[in-house]
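Here are my notes on the model, as numbered points. Please read them with the structure open.

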Amino acid sequence: MLAEDVDQQKSHISQCFQEYQKELDCRHDKHERLVKLSRDVTIESKRAIFLMQRSSGSNKSDEVLDQAWQKIKGIQQQKFLPMAKELHGEDPHQFLRAYSAGLQEYIEAVSFYHYLKSKTLVSLEQVQSDLTFTVQSDDTEPPQEKTIIVHVPPSEYMLGLADLTGELMRFAINSVGSGNLDCPNDVCAYLRRMLGGFESLGQVSREMNRKVYTLRQSLQKVEAACYTLQIRGSEIPKHMLKDVFRSVPGAESSYMEERDLDE
Amino acid sequence: MDAHESAERIAEVFADFQSYFSKEQDLREEIRSTVRELEQTAREIHAVLQKVHQKDGSENVVNVCKSTESHFETARKQFKELSAKIPENQYYRFNDHWKYALQKLSFLSALVTYLKTEKLVSREETAAMIGVKLRQAEGFHMDLDDYLIGLLQMASELSRLAVNSVTAGDFHRPMRIAKFVAELDAGFRLLNLKNDALRKRFDGLKYDLKKVEEVVYDLSIRGLKPVEGT
């Protein structure tokens with residue numbers, strides 16, 4: 001090879017790599033922005049959940065629920081809308097890992113809200129339509145409306161629902177303290193159905209298995225609570241029942257703390 | 001909503017997911033079987049290219065490269081088959097399955113191109129050789145990462161070739177390989193890599209470079225280094 005050939009090739013290689021550099025940086029930046037948004041979604045969703053947990057104690061629970069709904073709406077508009085803009089025109093699965101944590105936490109919050117509001121399980125279609133936005137497109141003249149979405153894969157939806165069961169367990173235990181003795185039984189029946197559903201799926205993923213295992217434990221705690229209510233409910237003043245649950249086998253393993261410490 | 005209705009809703013949600021999930025499993029199964037064939041083809045090409053490490057092969061590089069052409073043809077066909085199975089916009093949902101095969105074929109096309117022309121294969125050429133699209137928007141494409149990992153695999157193969165060329169009595173080739181690998185290294189240094197698979201592979205490049213440099217050193221101190229232009 002002649003000397004100038006070598007030089008030419010050298011510059012060719014570095015030219016190519018400069019292009020690759022741009023492409024990689026661009027993708028990494030997008031990934032980072034999505035991770036940031038996802039983290040914000042996680043934090044805000046957790047706050048909404050805490051707020052809703054408080055609704056069990058207050059007599060103004062409707063008001064609290066409305067507040068929670070405002071919060072959820074806020075997450076949709078302020079976090080998911082920019083996320084949908086980032087994801088527009090991309091393969092939805094390419095960046096899923098970047099925002100999956102936030103999405104699951106959000107689904108947990110939304111499904112918890114719907115449970116408290118109307119005892120229903122929010123559907124995947126409902127979740128997806130909440131995360132579908134219509135915006136003005138700037139690249140066409142005159143500006144047209146276009147739809148952008150944050151895609152919710154069914155597997156993420158299911159994982160979010162598995163998280164919901166943990167919140168329901170806490171809710172059931174807490175609500176006894178405020179004198180609602182029907183709640184544990186309602187939740188118990190609900191959780192049993194959920195567990196039945198998850199058991200029927202078989203091997204989905206390791207993440208799912210881990211969550212179903214936790215679900216089984218949550219259910220046991222609620223069942224133990226129902227049992228205690230049945231046996232001792234008539235003997236003990238209501239406000240003391242909550243303390244009694246702490247001594248119930250299966251319920252003593254810090255049902256309050258474990259879920260929030262690990263995240 | 002009463003308990004009965006809510007029970008039905010739950011059953012419905014799980015039944016929907018069950019059917020979604022079993023469809024996905026079926027598709028994965030199909031993808032896996034096509035990818036297995038692709039990996040077989042890649043192994044065959046690799047086996048053919050092993051000949052260049054032997055004395056008679058290194059003198060016949062052109063013929064060795066020619067004999068891989070039919071295999072590349074097969075690979076192109078298999079990629080076409082595979083891409084027909086992937087629903088639109090779901091490349092990344094399944095791409096774990098064929099990532100490895102794609103990297104290996106990208107490596108093989110880079111190696112063949114180097115052996116033939118002593119030049120770095122471009123992304124376009126690689127995509128054309130293995131029958132995938134260049135850009136994501138055009139369909140079943142090759143990720144930039146996979147192409148780059150292919151180049152890194154080629155660098156280790158070339159460092160091996162440098163050693164074996166000396167054994168076979170060819171003292172020119174290691175010089176050219178050393179230059180080429182050094183350029184490749186300079187190129188990779190331009191990239192800002194994240195802590196991922198590509199970065200891990202790139203960390204190995206310095207050892208390949210070191211090995212070729214040692215070969216060049218051994219040749220020069222023994223006065224075996226060929227004079228430019230001979």
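1. Along the sequence, chain B runs α-α-α-α-α-α-α-α-α-α. That is 10 helices and zero strands. With a radius of gyration of 23 Å, well over the 17 Å that the globule rule gives for 230 residues, chain B is more spread out than a compact globule. Bear in mind that this is a predicted model.

2. Along the principal axes, the C-alpha atoms of chain B fill a box of roughly 90 × 35 × 25 Å.

3. Burial and contacts come next. In chain B, 50% of the 230 residues count as buried. Take the contacts between residues at least 6 apart in sequence: in chain B, 75% of them join residues at least 24 apart.

4. As for charge, chain B has 35 positive and 37 negative charges. Their mean positions are 6 Å apart.

5. One annotated site deserves a look. The unreviewed UniProt entry places a "binding site" feature at Glu157(B). Glu157(B) sits in helix α8 of chain B, which spans residues 144-167.

6. Is Glu157(B) buried or exposed? Its relative accessibility is 10%, so Glu157(B) counts as buried; the cut-off for buried is under 20%.

Notes: Residues numbered from 1 in each chain as written. Chains lettered and ligands numbered in written order. Predicted model: local features only at pLDDT ≥ 70, side-chain atom pairs only at ≥ 80, totals over all residues. Heavy atoms only, no water. UniProt positions renumbered as here; feature names shortened; annotations may be inferred. Helix = DSSP H or I, 4+ residues; strand = E, 2+ residues; numbered from the N terminus. Buried < 20%, exposed > 50% of the residue type's maximum accessible area, 1.4 Å probe, protein only. Rg over C-alpha atoms; globule rule 2.2 N^0.38 Å. Contact = heavy atoms within 4.5 Å. Lys, Arg positive; Asp, Glu negative; His and termini not counted. Charge placed at Lys NZ, Arg CZ, Asp CG, Glu CD.
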